[in-house]
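This report describes a predicted model.

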Amino acid sequence: MAQAAPARRSRFLLVGLILAHLTAISHQVDGGSGASLLQRALLSVVTPLQRLVGGTAFLATELWRGWGFHRETYAENRALREQVRSLETELQLRAHRAQEAVRLRELLALQQAVPLDTLAAQVVGRDGVPWFRSLTLDKGEADGVKLDAAVISATGVVGRVFATGPHAARVQVLLDRDSGAAALVERSRVSGVVSGQVSTAEAGAEDLALKYVSERADVVVGDVVVTSGLDRIFPKGLVIGRVRSVGDVTGLFREIRVEPSARFDRLEEVLVLKGSPPALETPRSVE
Amino acid sequence: MSRALWTAVALAGAVLVETALSHLIVLPGRYLDPFLLVVVYCALHFGETHGMLAGAAAGWVQDVVFGGPVLGLSALSKLSVGFAVGLAAGRFLIATTAARALVVLLAAAADALLVQWLASVFSVEARGLPALALVTRATLSALVGGLLFALVDRRVGHSRI
């Protein structure tokens, strides 16, 4: 047992010395490529490790760089989305203002065309209930709005004021069944009364009815219908709409449908007539 | 005198002998290897570890002073031989001069063959030793070694066996 340890030690020493000598010899022997055998052996061992370590480092670097790039891209993407959203909002605002400018220009043109004192008002509410067709304006008695004042838009007659408040007014639009406006066909001067058809939103309810037109009256599809001024509410000559259909005779009168020229669903600004339309000249015999 | 010092002195003597022989004859290594004699003697008397270390030291001295372009071939060869001889000395009874001479003969042959083999393995250009030269070298080394070991044993007076 005591002799085994030195023997083992000497064997270990032998192996160590042999390896050391092989290393020393290899270090001196040219491997054929300018490098010694030791260098080549070491390179063959170390190079895969270096490749592994280098590859891992490269991968880690690329991952880190990719992560950084991803974060940058993400942040940039968010910023760009915000910018796009902001620009879209601004664009919508500008488009809205442009449309508003167009509408106001049309309204101004109408205001200058109408020989009466008018007041521009903004539509702030519409059709609170389905049974009536009405609008709410932001101008009231304090602004000079009176009951039964005519309300017109750049495209045509809208309706009349049927209720007023200090700073607001309700308008009954022509589409309402209980509304009415004295009208005449511009081409043939055939007169009648224009009113809404139904008080609920049904098919075809967006058309007006031209009532009290005799069966022999000269009315054709496409005729322009204007106010006649006989109702003392609407001044004469304002466009109401265009005849869409001339139906069969029901009783004594024809059934005529008029497509309103006013775009009731898009009304935003209107003109309210402050004064009464000029009185019609009444024949003396009637008086 | 310690083993290491004795070995160092012996190696120094081997250097001197080799140097002297190189001045007397051409290629003295073809006929006698005094370093190998020191290694075998150390291994026979002090065991495989000392023989191995002495072999390594002798080989390095030989390589550095008389060797070729690659150092370590003789050292590796001689440390192997030293270990083998030391191992054999521990296993077998190698006390007589004839037995020692035989060990020297085998060691010289093994050393020469080992150096040539290592040279070929490492692609080192080494002068080849023909079989006759190898036998001559081994025989001469055995004769000289046998006589020398006996002389030294008688003069120094220390014997392992």
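## Helix α3 of chain B

The buried residues of α3(B) are B:Glu48, B:His50, B:Gly51, B:Met52, B:Ala54, B:Gly55, B:Ala56, B:Ala58, B:Gly59, B:Gln62 and B:Asp63. Here, buried means under 20% relative accessible area, exposed means over 50%, and partly exposed lies in between (1.4 Å probe, protein chains only). Helices (H or I, at least four residues) and strands (E, at least two) are DSSP runs, numbered from the N terminus.

With 19 residues, α3(B) reaches 25 Å from its first C-alpha to its last, close to the 27 Å expected at 1.5 Å a residue. The expected span is 1.5 Å times one less than the number of residues in the helix.

## Basis of the values

This is a predicted model, in which local features need pLDDT of at least 70 and side-chain atom pairs count only at pLDDT 80 or more, while totals for chains, interfaces and linings use all residues. Residues are numbered from 1 along each chain as its sequence is written, chains are lettered from A and ligands numbered from 1 in the order in which they are written, and side-chain values use heavy atoms, with hydrogens and water left out.

## Chain B as a whole

Chain B contains six helices and zero strands, and from the N terminus on its elements run α-α-α-α-α-α. Of its 161 residues, 47% count as buried. Contact is defined as heavy atoms within 4.5 Å. Among contacts in chain B between residues at least 6 apart in sequence, 72% join residues at least 24 apart.

## The interface of chain B and chain A

The size of an interface is often given as the accessible area lost when the parts come together. Between chain B and chain A the buried area is about 1,400 Å², and carbon and sulfur atoms give 77% of it. In chain B, the residues that lose the most area to chain A are B:Leu76, B:Phe83 and B:Phe122, together 36% of what that side buries. Buried area is the accessible area (1.4 Å probe) that two parts lose on being put together, summed over both. The contact takes 19 residues from chain B and 15 residues from chain A.

Across this interface the rule finds zero salt bridges, a salt bridge being a side-chain nitrogen of Lys or Arg within 4 Å of a carboxyl oxygen of Asp or Glu. The count between chain B and chain A is one residue pair in polar contact, both at pLDDT 80 or more. On the side of chain B that touches chain A, the elements that give two or more residues are α3 (48–66) and α4 (73–91) of chain B. The most is given by α4(B), with seven residues. By class, that side of chain B has 15 nonpolar, two polar and two charged residues. In this classification Ala, Val, Leu, Ile, Met, Phe, Trp, Tyr, Cys and Pro count as nonpolar, Asp, Glu, Lys and Arg as charged, and the others, Gly among them, as polar.

## Salt bridges

Side chains of opposite charge can pair when their charged atoms come close. A search of the whole structure finds 17 salt bridges over all chains. One of them joins A:Asp207 and A:Arg244, whose closest N and O atoms are 2.7 Å apart. This pair links distant parts of the chain, with A:Asp207 in the loop between β7 (191–195) and β8 of chain A and A:Arg244 in strand β10 of chain A, 37 residues apart. A:Asp207 is buried, with a relative accessible area of 10%, whereas A:Arg244 is partly exposed at 42%.

A:Arg244 also forms a salt bridge with A:Glu259, the closest N and O atoms being 3.8 Å apart. A:Glu259 lies in strand β11 (residues 253–260) and A:Arg244 in strand β10 of chain A, so the pair ties together parts that are 15 residues apart in sequence. A:Glu259 counts as partly exposed, at 39% relative accessibility. In chain B, salt bridges that share partners join B:Asp33, B:Lys78, B:Asp111 and B:Arg137 into one network.

## A buried arginine in chain A

A:Arg103 is placed in helix α2 (residues 37–113) of chain A and counts as buried because its relative accessibility is 17%. A polar contact of 2.6 Å joins its side chain to that of A:Glu269. A polar contact is a pair of N or O atoms within 3.5 Å; within protein, one must be able to donate a hydrogen and the other to accept it, and residues adjacent in sequence count only if both atoms are side-chain atoms. Not counting residues up to four places away in sequence, A:Arg103 touches A:Glu268 and A:Glu269.

## Positive phi values

Most residues other than glycine have a negative phi. A:Asp148 has a positive phi near 65 degrees and is in the loop between β2 (134–137) and β3 (150–152) of chain A. The phi of A:Arg232 is also positive, about 60 degrees.
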